[in-house]
Amino acid sequence: MAALSSCGSYVPQDDEYGGVKRAFPRRAALPRMEPGGEERTPAQVLPSTVAEPTRNTIRGRNSPDSRLAHPVGAGVERGKTREEATRLGSHAVLNSPGVPAAGPPPVTEEELMNSGHELHESYTCLLCCLPIALPAPRHSKFAPCCMKMVCNGCILASRQNENGGACPFCRTPTPDSAAALLALVQKRADAKDPVAIELLASAYFDRCYGLQQDIHWAIELWTEAARLGDLGAHFKLGGFYYHGEGVEQDMARGIRLLQHSAIQGHPESRYSLGLYEYHNRNHELAAQHWMISTKMGSERSLNEIRKMFMEGHATKAQYAEALRVYQKALEDTKSPQREEAEAFFSKCMRSD
Ligand SMILES: [Zn+2]
Ligand SMILES: [Zn+2]
């Protein structure tokens, strides 16, 4: 399921591995050489220019690929402007004051390290009520009709029950065309659904649904989504402010945005903060951040702790603890239905 890339493949939260490019201080003198010559560049951390979408949409059974999410561009003329798309879908133009000029308020170190140790509730499949394994886009799909995330196990079960390609959650028939998908997302964005607004922002950034890229509008939408509480929007804006891409650079604001989402259980933000501390040579803090995201099931964070152990920056006990909590997180996401889906979708991907 890893090959779910390209526009239109959207899942409700950030892809731990492939979603937003994990960016970190490109300009700061942070890149270091890893043992063996691999550069652990800061560009792995904060979201920067978004290379891939972060949400996968469920598509109808008659779509070109009804098994899994698929590029959405096929059904609509490429390169639509914001105005054209707005006419096409709905008429949503956001009139929000946005987040405060200075961004979210700072959090205390105590709050930062003691909060957000559990995955945010948005990482739970609403049908089977199990947490979704990371990276979520590999293990779930996103229903644009109701802005709900459904795990692959429940998607397969729904299809086996011949639900006619409808959304497993709300039973709305899933559209096959990009225009219809965009209309659904736009409708939810009109209703101020923060997930939909974040999705729309990513679409404008990634040129999904046949849209022309419009970075400034994407930033406005992300700002609105963040104001309404979307953690993924915080994460992405954090990267943009940190790097000064599309906005005036404000590294402190970027970090505050990440902290704000990390304390609510956003693993990607937590991972990024770990990398930030690592590159500032605050190894103990880095290990603490990564231990938290490892506990949520972030394999990437586990690997960072392993590297720190090999470098002598983390203890054997820390690495052993990281292995333990990672395994526990993984176990918590498993079910026979999901294992069946894993095998089924892997087979589908191989036959494509
Ligand atoms: Zn499920
Ligand atoms: Zn639905």
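Let me start with a pair of strands: strand 5 and strand 6 (residues 148-151) run antiparallel and are joined by 4 bridges. Two strands pair here if DSSP finds at least two bridges between them. Helices (H or I, at least four residues) and strands (E, at least two) are DSSP runs, numbered from the N terminus. Before going on, note that this is a predicted model, where local features need pLDDT of at least 70, side-chain atom pairs count only at pLDDT 80 or more, and totals for chains, interfaces and linings use all residues. Residues are numbered from 1 along each chain as its sequence is written, while chains are lettered from A and ligands numbered from 1 in the order in which they are written.

Back to the strands. Lys 141 has Val 150 of strand 6 as its bridge partner. The hairpin has 4 residues between the two strands, and Met 147 takes a positive phi near 55° there.

Which way do the residues of strand 5 point? Ser 140 and Phe 142 point one way, Lys 141 and Ala 143 the other, and all are buried. Buried means 20 or more other C-beta atoms within 10 Å of the residue's own, exposed means 12 or fewer, and partly exposed is in between, with C-beta atoms placed from the backbone.

Now the loops. Between helix 2 (109-114) and helix 3 (136-139) lies Pro 135, joined to Leu 134 by a cis peptide bond with omega about -5°.

Arg 281, in the loop between helix 10 (267-279) and helix 11 (283-295), is not a glycine, yet has a positive phi of about 65°. Arg 281 is exposed, with 10 other C-beta atoms within 10 Å.
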